[in-house]
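Please look over the structure below before reading on. The briefing moves from the overall picture to single residues.

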Amino acid sequence: MADLRIDFEWLSCPDKDPLEEATTARLEIYIDDFCLTRNVNTFTETIENSVNVSLYPLAMWLVSSWWRLHYEILPADLRMGPGHDWRLSHEMSAANSGFVWPNLVMAPPDWEEIQIWAQPTQEQDHSVFYLNGLNDSRIVPKKNFTLAVSSFVDEVVTRLNDSGLQDTDLSQIWSLIKEEQRDSTTNLYRLLEAQLGYDPGECPDKLIGQAVTLEKKLGSSFSELSGAYAKGDED
Amino acid sequence: MKKLRKYNRNRRIARSGTYSPQELENLSKKIKYTGNPVHKRNPGDYGLTPPARHRKGKTLCDTVKIFSQEVALKYLRVGLERGAVSELAIDGWPNTIWSVTEDGTILEAKRDGDGTYYGYPLLNQEPMAVEVKKFWSKNG
């Protein structure tokens, strides 16, 4: 089992968006000692482990994808590749906001673990491109993954508060997730929704009702089956 | 059950019919491009202060060779008129507008005021870029 580490150091850097400005940082992401953010700075033509990005969009992506990142497995049928909705929730580049993010994909293979894939950036004409990929995916215990991501989001929220930016979309969604996790009924509801390939609050009532009933009858066996019945992309 | 997930609505293209052709045309007449120096090495004719302040970690407008207000505004208008806009809108303005250059690069523009936007290119591998390409070929 591997360990995921998200390190950062705050920077002062003017930006048009106050949320992005307040959370600009030098970011490094590691799987054990392997740096997933190792990049070529195309301005200076140097190789560095850290990249200057705003952590707000990354934290927003992590909280918005929280349930699906933790509970939605890879679709059973990969002949066409995973759909847009799946990719938005599991690929770090979906954090976007005009930044070049490392090409990381994260999804649970089962109840206890998160599987992480990494590939170098193909396009090399922007301000940075990432060099490191993983030949084989790595498995991180889900508990470690949750801890690394939670600590990261907590620090971004604290930074925003310290900068006088309270009650942001990030802090609201993060508080809501914590609230949902504390309530066992809502927690189960969110988890099943994610397993079925839906964002929070978007699974049809009838379907989630059936999933709750099945989960009660089958227990963890339901989790193993749910991926096969998950929602595909709608064209 | 509370529903509070604005973020994902910003990453989804609004369903066809969300805006009427007349509404899109009206928005297209009023829209303005502001620009953001952090996405630029070449200052172009945008009149920004500072003119360019390219930043490590950002995507660059220079890669798609867009250096003028006129061209940037043209892409914004084309995106609007095709309905390549986010589900999320504020005060009648979509939060995000997407467009595609002649060479197939996907551009994304973020609202930074009432009817004003700044933009940047997306990397081809990004999920949103793939989705916009699909939308563009269907709604060409």
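Predicted model: local features only at pLDDT ≥ 70, side-chain atom pairs only at ≥ 80, totals over all residues.

The predictor gives the complex a pTM of 0.91 and an ipTM of 0.84. Chain A holds nine helices and 10 strands. Its radius of gyration is 18 Å, close to the 18 Å of the globule rule for 235 residues, so chain A is as compact as a globular protein of that length.

**Confidence in chain B**

- The average pLDDT of chain B is 85.
- In chain B, 89% of the residues score at least 70.
- Among the elements of chain B, strand E4 (residues 96-100) has the highest mean pLDDT, at 96.
- Helix H1 (residues 6-10) of chain B has the lowest, at 68.

**Overall form of chain A**

- The C-alpha trace of chain A spans about 60 × 40 × 35 Å along its principal axes.
- Of the 235 residues in chain A, 43% are buried.
- Consider the contacts in chain A with a separation of 6 or more: 61% of them join residues 24 or more positions apart.

**The side of chain A that touches chain B**

- Contacts link 36 residues of chain A with 32 residues of chain B.
- Five elements of chain A give two or more residues to this side: strand E6 (51-54), helix H2 (55-64), helix H4 (84-90), helix H6 (169-182) and helix H7 (184-195).
- H6(A) gives the most, with four residues.
- By class, this side of chain A has 14 nonpolar, 14 polar and eight charged residues.

**The three-strand sheet in chain A**

- Strands of chain A form an open sheet in the order E5-E4-E9.
- The pairing in this sheet is antiparallel.
- Strand E5 (46-48) and strand E9 (128-130) of chain A are the edge strands, and each pairs on one side only.
- From one strand to the next, the twist averages 30 degrees.
- Strand E4 (residues 39-41) of chain A pairs with E5(A) over three bridges, in the antiparallel sense.
- A:Asn41 has A:Thr46 in E5(A) as its bridge partner.

**Strand E8 of chain A and its partners**

- E7(A) and E8(A) are antiparallel and pair over five bridges.
- A hairpin of five residues joins E7(A) to E8(A).
- A:Asn103 is opposite A:Gln119 in E8(A).
- E8(A) also runs antiparallel to strand E10 (residues 138-141) of chain A, with four bridges between them.
- A:Ile114 is opposite A:Val140 in E10(A).
- Strand E8 (residues 113-119) of chain A has a covered face made of A:Ile114, A:Ile116 and A:Ala118.
- The uncovered face of E8(A) carries A:Glu113, A:Gln115, A:Trp117 and A:Gln119.
- In a regular strand, side chains alternate between the two faces of the sheet.

- Most residues other than glycine have a negative phi.
- A:Glu45 has a positive phi, near 55 degrees, and is not a glycine.
- A:Glu45 sits in the loop between E4 and E5 of chain A.
- Is A:Glu45 buried or exposed? A:Glu45 is exposed, because 7 other C-beta atoms lie within 10 Å.
- A:Asn96 is not a glycine either, yet its phi is positive, at about 45 degrees.
- A:Asn96 lies in the loop between H4 and strand E7 (103-107) of chain A.
- A:Asn96 counts as buried, because it has 27 C-beta neighbours inside 10 Å.

- A:Thr24 belongs to strand E2 (residues 24-31) of chain A.
- Why is A:Thr24 classed as buried? A:Thr24 has 22 other C-beta atoms within 10 Å, and the cut-off for a buried residue is 20 or more.
- Leaving aside neighbours within four places in sequence, A:Thr24 is in contact with A:Leu11, A:Cys13, A:Asp15, A:Asn52 and A:Ser54.
- A:Thr24 and A:Ser54 are 30 residues apart in sequence, but their C-alpha atoms are 4.0 Å apart in space.

Key: Residues numbered from 1 in each chain as written. Chains lettered and ligands numbered in written order. Rg over C-alpha atoms; globule rule 2.2 N^0.38 Å. Buried ≥ 20, exposed ≤ 12 C-beta atoms within 10 Å, placed from the backbone. Contact = placed C-beta atoms within 7 Å. Nonpolar A, V, L, I, M, F, W, Y, C, P; charged D, E, K, R; others polar. pLDDT = per-residue confidence, 0-100. Pairing = 2+ DSSP bridges. Axes fitted to C-alpha atoms, helices over the stretch in contact; angles between N-to-C directions.
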